[in-house]
Amino acid sequence: MLALGVVLLVTVPLMLLGNSEFGGSDDAGSTVVEEINGGYTPWFESFWEPPSGEVESLLFCVQSAIGAGICGFVLGRISRKPKTSASEDDAALTDQKQTSAS
């Protein structure tokens, strides 16, 4: 049921807005600024423009996935309990039992 819901959430908007143009919020913001202030010139020019909005979205998703993977790896390493301390604790308990039995 959950998988069907995800598929519907992805496909229904694409079917309803099939010929739409993908664009980012940066493009929309700069367009509004140019409309309000006609003499606006950006301070910097980008050195590479993606061929389409879809490619830009794909690159953003890849960047997000890499960042999430790094964060997950770091959090996993931080929350992991060291295995050597548990075996050392067991060895210390065994030594204490042996010396107390003697």
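Helices, as I use the term this morning, are DSSP runs of H or I with at least four residues, and strands are runs of E with at least two. On that basis, the protein chain before you has four helices and zero strands. Please bear in mind that this is a predicted model.

Let me begin with the overall fold. Read along the sequence, the elements of the protein chain follow the pattern α-α-α-α. Of the 102 residues in this chain, buried residues make up 2%.

I turn now to charge on the surface. A patch of negative charge is formed there by D26, D27, E45, E49 and E56. Where does E45 lie? Its place is the loop between α2, residues 25-36, and α3, residues 53-79. Is E45 buried or exposed? E45 counts as exposed because its relative accessibility is 65%, and exposed means over 50%.

My last topic is the cysteines. A disulfide is a covalent bond between the sulfur atoms of two cysteines. How many disulfides does a search of the whole structure find? The search returns zero. As for accessibility, C61 has a relative accessible area of 49% and is therefore partly exposed. C71 likewise is partly exposed, with a relative accessible area of 49%. For both residues the reasoning rests on the cut-offs, because partly exposed covers the range between buried, under 20%, and exposed, over 50%.

Terms used. Residues numbered from 1 in each chain as written. Predicted model: local features only at pLDDT ≥ 70, side-chain atom pairs only at ≥ 80, totals over all residues. Heavy atoms only, no water. Buried < 20%, exposed > 50% of the residue type's maximum accessible area, 1.4 Å probe, protein only. Patch = residues over 30% accessible without salt bridge, like charges linked within 9 Å, V, L, I, M, F, W, Y side chains within 5 Å. Areas by Shrake-Rupley, 256 points an atom, 1.4 Å probe, with all protein chains shown as cover. Salt bridge = Lys/Arg side-chain N within 4 Å of Asp/Glu carboxyl O. Lys, Arg positive; Asp, Glu negative; His and termini not counted. Charge placed at Lys NZ, Arg CZ, Asp CG, Glu CD. Disulfide = S-S within 2.5 Å.
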